[in-house]
Amino acid sequence: MTATRTDFQTHSSLSRRRLLQVGGLGLMGVTLPRLLAAQEAASSLDVKPTADSAVIVFLNGGPSHLDMWDVKTDAPDGIRGEFQAIPTSVPGYFVGEHMPKLAQQMHRSTVVRSMHHGVNNAHAAAVYAAMTGHDRGEIGGGTRPTDYPTPGAVLDKLRPPTVNAVSHVCLPYITKEGAGGPPQPGFFAGFLGQQHDPLFVLKDPNAPDFAVPELSLQVGVSDQRLDARRSLMSSLDQRMAQQARAGGMTGLQHRAFDLLTSRSAQDALRLSAESDKVRDAYGRNIYGQSVLLARRLVEAGTRLVTISWAPDANATWDTHGSNFQKLKDPLLPQLDAACSSLIEDFAQRGLLDRTLIAIMGDFGRTPKINGNNAGRDHWNFCYSLMLVGGGMKQGLIYGSSDKTGAFPALSPLTPSDIVSTIYHCLGLRPDRLIYDPIERPHRLVPKGDVVSDLLA
C-alpha cells in the first residue's frame, strides 16, 4: 500500500521535512497512512494507567530460576539443586527454601516461569533486551547514544511526575559489563537525550554518612539566592535558545533548580528518618537500604526507581561458581528481606494497587550443575520473574517450564512482552511512537505484545 494524493491533501500540515522522512520510511515498508495513524495514537495517553509508579529490582547477572521460583525437586541428580522447596501463600505453589518471606507474598504476586529470549546469553545484550524490549543484535558492549531509552526516561518525557519530585532514579550502581568494563546499556535515556537520564545515586545508602550532595544546597546559598540564579539562567536561556544544543542542557539546569528547592525530593533521601526496626527489616546492606530508598522516593512522587543489583555483571547473581553457596548467603536472604518488606510496606500504606514492582534479571541459569564448586552457567532459553501490584493479577503462577527447567512448556513469553505490559500498566501504548533528536519515529517497544492474561 502506498500514500495517495488524498492522504497528502488531507494532512496538508505536514512539513517538508516530515514528507522527506516519510519517503525514506517507505523504503522500509512504513507508509504515510500507517505513520499518521501511529502519530495520532501517540498524541495522548490512550491507555488508562493502573500504575502511577514502578520499582524495577534488576538482579543483574542472571538469577537461578531453578533455585528460586521454579524449583525442580524431582529432577535427576546433576540438575536438581541443593535447596528444598517450601510452600507459599498460593496453594500448590512452592519456591526455594531461602525465600521464606517472599513465599508469604505470593498471593499478591504474578510469577512468570516461561520467560525466554534468543538475544544471546551475553550480559550486556540480555540486560538491554530485558530493560527496553529491544535487541541491538550484538554480543556485548556498553551503552550508546542511539540506544532505546530505559523506561524511566520514557516516563520522564511522556508522563513526568505531577509533583516536584525526581522523575526517575537508578541506584546503587552504574553496573559495568564486567569489572572495569563499560556501563551496561538499558539504564540510560539513549536517543531521547541526556536530559532524560536518571538521577544516579551511587553512594551506599547503608553508610552512616549517606547523603546526595547533588540535591543539597551549599552552605550559605539561601532559597532566595537560588531563585535569583534561576531568573538569571532564564534570561540567559532566551539568548541561547537559537543554539542547537541549548535545549537539553537548559532542561537539565531547570530540573536541578527545581530539585534543589523541593523539600519532598530531599526528604525522600533521608533514610535516617526511618526507624531502626524498618531499616533492619529491609536489611542493613547496600541493596536492602536501596530498596527502602526506592519506597521513599515513590512515596515522594518519583515515577520509576531501578535497583541494579551488582557493581558489575559478574559480581552477584552471575553464579558460574558456588551457585548454592552464594545464593544461600548473601544473595537470597538479602533479596528476601528487602523485597518482601517493600511489598508489605506498599500494601500497608495503600500504595501497592498503584505501584508496579518488577523483580527480574537478564536470563536464568543452566539446569545442569557445573563442576566449578556446583555453579550454574548462563541460560536464556528459560527463566522466571516476579511482578507485583500496579494492575497485575494477584496469586497468578503463569506458564511453566519442562521437567528440568530447560525450556518453556506452556505460555512462553519474551522480554519485549514484559516491557510492553509494564508500559501498558503505566499508561503508555507499547506501539506508540517516540522520536530521536532528528525526529525519526521509533515504536516504543519494537516488538512484543501486552499480555492481558497477566493483568487484573
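Which residue forms a salt bridge with R295, and how far apart are the closest N and O atoms? The legends below take up this pair and several other sites. The structure is a predicted model, in which local features need pLDDT of at least 70 and side-chain atom pairs count only at pLDDT 80 or more, while totals for chains, interfaces and linings use all residues. Residues are numbered from 1 along each chain as its sequence is written, and side-chain values use heavy atoms, with hydrogens and water left out.

**View 1. The salt bridge between R295 and D345.** The partner of R295 is D345, and their closest N and O atoms are 2.9 Å apart; a salt bridge here is a side-chain nitrogen of Lys or Arg within 4 Å of a carboxyl oxygen of Asp or Glu. This pair links distant parts of the chain, with R295 in helix α11 and D345 in helix α12 (residues 323-348), 50 residues apart; helices (H or I, at least four residues) and strands (E, at least two) are DSSP runs, numbered from the N terminus. R295 counts as buried because its relative accessibility is 1%, and D345 is buried too, with a relative accessible area of 16%; buried means under 20% relative accessible area, exposed over 50%, and partly exposed in between, with a 1.4 Å probe and protein chains only. Salt bridges that share partners join E274, R295, R296, E299, D345 and R349 into one network.

**View 2. The salt bridge between E274 and R296.** In this pair the closest N and O atoms are 2.8 Å apart. E274 lies in the loop between α9 (263-268) and α10 (276-282), whereas R296 belongs to helix α11 (residues 286-299), so the pair ties together parts that are 22 residues apart in sequence. Both E274 and R296 are buried.

**View 3. The salt bridge between R284 and D280.** The closest N and O atoms of this pair lie 2.8 Å apart. R284 counts as partly exposed, at 38% relative accessibility, and D280 is likewise partly exposed, with a relative accessible area of 46%.
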